[in-house]
Amino acid sequence: MVRTIKDPDVRRNEIIDVAQGLFLSKGYENTSVQDVLDGAGIAKGTFYYYFGSKMELLDSLVERLTTATLLTVEPIVRDEQLTATQKMEAFFGAIMQWKTENRRFLMDLMRVIYRVENAIYRQKMTTASLKRVAPILTAIIAQGVEEGVYATEYPTEISGIVLAVSRSLSESLVEILMDEDYEGDMSAAFERIIHAHHNAIARILSFNGPLELIDIETAKLWIEVRETA
């Protein structure tokens, strides 16, 4: 039998495709490397040629998902008909919408990466993602400065600060979602956290109008996933 030799990038993407389907259907923890081998029809040596571990495979999948998300927001930045604030809200809104549509998978993913032993991996993943997002946000802020709605001499640095605040927002919501003993009004807590961070970002940008980057009702859909998990 003639052995079929595939382009390394093709083979690698096929493995990620299989992993994505398995992680979505079975969950990350319930999917073994052997499941991936069986699904992709490859030997163990082939798997470890491309990925050092199942966690490294997950890292590659997250990178792919990040790329897919950015592809949805790039047209927003290029749209010359939108103001900077419209772009800012659409930018964060598109990312949140994508995350919410995939919330069951991402909820399962968060239970893994928010473990203490995975703190370094989580930091690495977050840093890599922010580096890719920062230039897009910088362009939006620079436009806002030109329009006179934002006030800063440092668009690049401010974009990093805004992303740090948005990360704080995500971390705060995740902390509540991951707290199995949480007994407060989660919906009300979500509202306060989101409003507080919106206000903080508006102040950082010296923006006088209301800034709604994340739709609260959309964010609350995550609570349903937690309660039904």
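Visitor: Where does Leu 65 lie?
Guide: Leu 65 sits in helix H4. The model is a predicted one.

Visitor: Why is Leu 65 called buried?
Guide: Its relative accessibility is 10%. Buried means under 20%. Leu 65 therefore counts as buried.

Visitor: What does Leu 65 touch, beyond residues up to four places away in sequence?
Guide: Leu 65 touches Gln 20, Trp 98 and Phe 105. Contact requires heavy atoms within 4.5 Å.

Visitor: What makes Lys 220 buried?
Guide: Lys 220 is in helix H10. Its relative accessible area is 14%. The cut-off is under 20%, so Lys 220 is buried. Leaving aside neighbours within four places in sequence, Lys 220 is in contact with Ser 187, Phe 190 and Glu 191.

Visitor: How far apart are the C-alpha atoms of Leu 65 and Lys 220?
Guide: They are separated by 22 Å. Along the chain, Leu 65 and Lys 220 are 155 residues apart.

Visitor: Why is H6 called largely enclosed by the rest of the structure?
Guide: Nine of its eleven residues are buried, so H6 is largely enclosed. Among them are Arg 103, Phe 105, Asp 108 and Ile 113.

Visitor: Is Ser 206 buried, exposed or partly exposed?
Guide: Its relative accessibility is 38%. Buried is under 20% and exposed is over 50%. The value falls in between, so Ser 206 counts as partly exposed. Ser 206 lies in the loop between helix H9 and H10.

Visitor: What is the phi of Ser 206?
Guide: It is near 55°. That is a positive value in a residue other than glycine. Most residues other than glycine have a negative phi.

Visitor: Which residue follows H7, and what is its phi?
Guide: Gly 148 follows H7. Its phi is positive, near 85°.

Visitor: Where does H7 bend?
Guide: H7 bends by about 35° at Val 133. The bend is the angle between axes fitted to the seven residues ending there and the seven starting there. Pro 135 follows within four residues.

Visitor: How many cavities of 30 Å³ or more does the structure hold?
Guide: It holds one. About 980 Å³ of space lies in the largest cavity. Of the 35 residues that line it, the closest to its centre are Ile 95, Lys 99, Thr 126, Ser 129 and Ser 170.

Visitor: What gives the most to the lining of the largest cavity?
Guide: H8 does, with nine residues. Helices that each supply at least two residues include H4, H6, H7 and H10.

Visitor: How do the lining residues of the largest cavity divide?
Guide: There are 25 nonpolar, six polar and four charged residues. Lys counts as charged and Ile as nonpolar.

Visitor: How many helices and strands does the protein have?
Guide: The protein has ten helices and zero strands. Its C-alpha atoms fill a box of roughly 70 × 45 × 30 Å, taken along the principal axes.

Visitor: What share of the residues is buried?
Guide: Buried residues make up 43% of the 229 in the protein.

Visitor: What share of the contacts with a separation of 6 or more joins residues 24 or more positions apart?
Guide: Such residues account for 68% of those contacts.

Terms used. Residues are numbered from 1 along each chain as its sequence is written. This is a predicted model: local features need pLDDT of at least 70, side-chain atom pairs count only at pLDDT 80 or more; totals for chains, interfaces and linings use all residues. Side-chain values use heavy atoms; hydrogens and water are left out. On a 1 Å grid over the protein atoms alone, a cavity is a set of points where a 1.4 Å probe fits but cannot get out, and a pocket is an open set with protein on both sides within 12 Å along at least five of seven lines; lining residues have an atom within 4 Å of a point. Grid points are joined across faces, edges and corners, and a volume is the space filled by probe spheres set on the points. Buried means under 20% relative accessible area, exposed over 50%, partly exposed in between (1.4 Å probe, protein chains only).
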